[in-house]
Amino acid sequence: MVHDWQSVCPELTRIKILVVSNFFPPYFVGGYELGCADVVDGLGRRDNKIAVLTGMYGVNRAVVEGPVHRLMDIRWTWPTGIKGVLAILQRERRNQQAFRKLVKEFSPDVVYFWHVGFGCTSLVHDACRMGLPSVCFVSDSWFSEIESLDGLSRLLNDQSPSLGRRAVRFLMTSALRALNCTLPQGTPNLSLVQFCSRYLRDNSSQAIDAVNTKTVVRHWGVKASHFSPGNIAWPPQKLLYAGRISPEKGLHTALDAFIEMQQQGHRELTFTIVGEAIDQSYMNRLRSKIEASGCPEHFLLLGKVPRAEMVSVYASHDILIFPSEWPEPFSIALLEAMASGMAIVGTTTGGTGEILVDSQTGVTFEAGNAEACRSAIVRLLDAEQLYRQVRKQARQAVTAEYDLESMIDSINQDLFEICH
């Protein structure tokens, strides 16, 4: 349901929101960029005026597409030595000039930061220096690690630098000041920090205490009505993994569990893997494991699938395997699968434990434990009532507690209050 914001809160007026994010769809790497686009769209539908400043990732040149300004120099890695120093100085000048120019032209009521890694840490400090109301939405550990997000921040915030690093810091600081650039030193004093999970807020307590910043938790939301539950087939046969393919996501554990099940006679099962391989050497190891499994025909590797097509992918599978081994902030893909009525077998690292509850919204297992993963899947295969129950309760939880429009309503209220 799309909320009519003016009828819900007629006293609120339109505000001008400058959104800053290192990446922004359709060029994205992970879930937070997709969530950012959803929120930007929702805030625009609530009669706010929006401008987005983001990196040139995906286009590799300066491009302005309507409200989206792809102007910032955002990179995974930077040159070393003198070339690296010059590149960082050039980056800082470029990004801060782009930010200040857009601030001048757009005159935002609030600056809304979504992720500042890989090259735009200083913009948070710049916004605070200018006295602009500034809010951050935090969906990973970047806020608690802001002082180490890139080489410049690490250099300027090093508490015990060597003699050589002190010399480099002096030169960098002098050059940046000569270029009229704000230095990304310390934790910026923001107006508000929104966390997507209680886990992330608790994990950032030290950074919060350093600046006495107001915080709230705004759990991710999805449009449950956008996802249609598939047929509740019994017994379940189609397993799915959907997410980034890198070691911390634990796909290797799920593969080991699945292969063991095949060897024990569960030849009716298939395993579909959806996602982009971030670490190619890791992907090669997984492919070798599949080829040596004795059942490679039971695997289907789809690669990266457009988001719009994931609706049918979820609906055509029975069980989502969520084997993450790192402290997950709060997975959008997990919510989408739950909204699709899938049964979830997953770990509860990080913020996942706030939504995935054993025997209620899914079946859980210990991270990194292939045998525990296998046992969790078998629990569903052996208990039709449990299988149907967790599917039903997972979708009910998303509909009742993790609705996208309700999330955006809360964010809109937060931003309005900061401006007034």
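Helix H3 is followed by Ser107, a residue whose phi is positive, near 50 degrees; helices (H or I, at least four residues) and strands (E, at least two) are DSSP runs, numbered from the N terminus. The structure is a predicted model, in which local features need pLDDT of at least 70 and side-chain atom pairs count only at pLDDT 80 or more, while totals for chains, interfaces and linings use all residues. Residues are numbered from 1 along each chain as its sequence is written, and side-chain values use heavy atoms, with hydrogens and water left out.

Helix H3 comprises the 26 residues 81-106 and, at 1.5 Å a residue, should span 38 Å, which agrees with the 37 Å between its end C-alpha atoms; the expected span is 1.5 Å times one less than the number of residues. The ring of Phe106 has the charged end of Lys16 over it, 5.2 Å from its centre, where such a placement requires NZ of Lys or CZ of Arg within 6 Å of the ring centre and within 35 degrees of the ring normal. The charged end of Lys304 likewise sits over the ring of Phe28, 4.2 Å from its centre.

Leu18, in strand S1 (residues 16-21), is buried, with a relative accessible area of 0%; buried means under 20% relative accessible area, exposed over 50%, and partly exposed in between (1.4 Å probe, protein chains only). With residues up to four places away in sequence not counted, Leu18 touches, among others, Phe99, Leu102, Val103 and Phe106, as well as Val110, Val111 and Tyr112, contact being defined as heavy atoms within 4.5 Å.

Aromatic rings of Phe, Tyr and Trp (its six-membered ring) are taken to pair if their centres lie within 6.5 Å, with planes under 30 degrees apart counted as stacked, over 60 as edge-to-face and the rest as tilted. By this rule the count comes to 13 aromatic pairs. In one of them, the rings of Trp114 and Trp220 have centres 5.8 Å apart and planes at 40 degrees, so the pair is tilted. Because Trp114 lies in strand S5 (residues 110-115) and Trp220 in the loop between strand S8 (215-217) and strand S9 (238-242), the pair ties together parts that are 106 residues apart in sequence.

Helix H4 (residues 121-129) is mostly covered, with 7 of its 9 residues buried, including Leu123, Val124, His125 and Asp126. Just after H4, Gly131 takes a positive phi of about 80 degrees.
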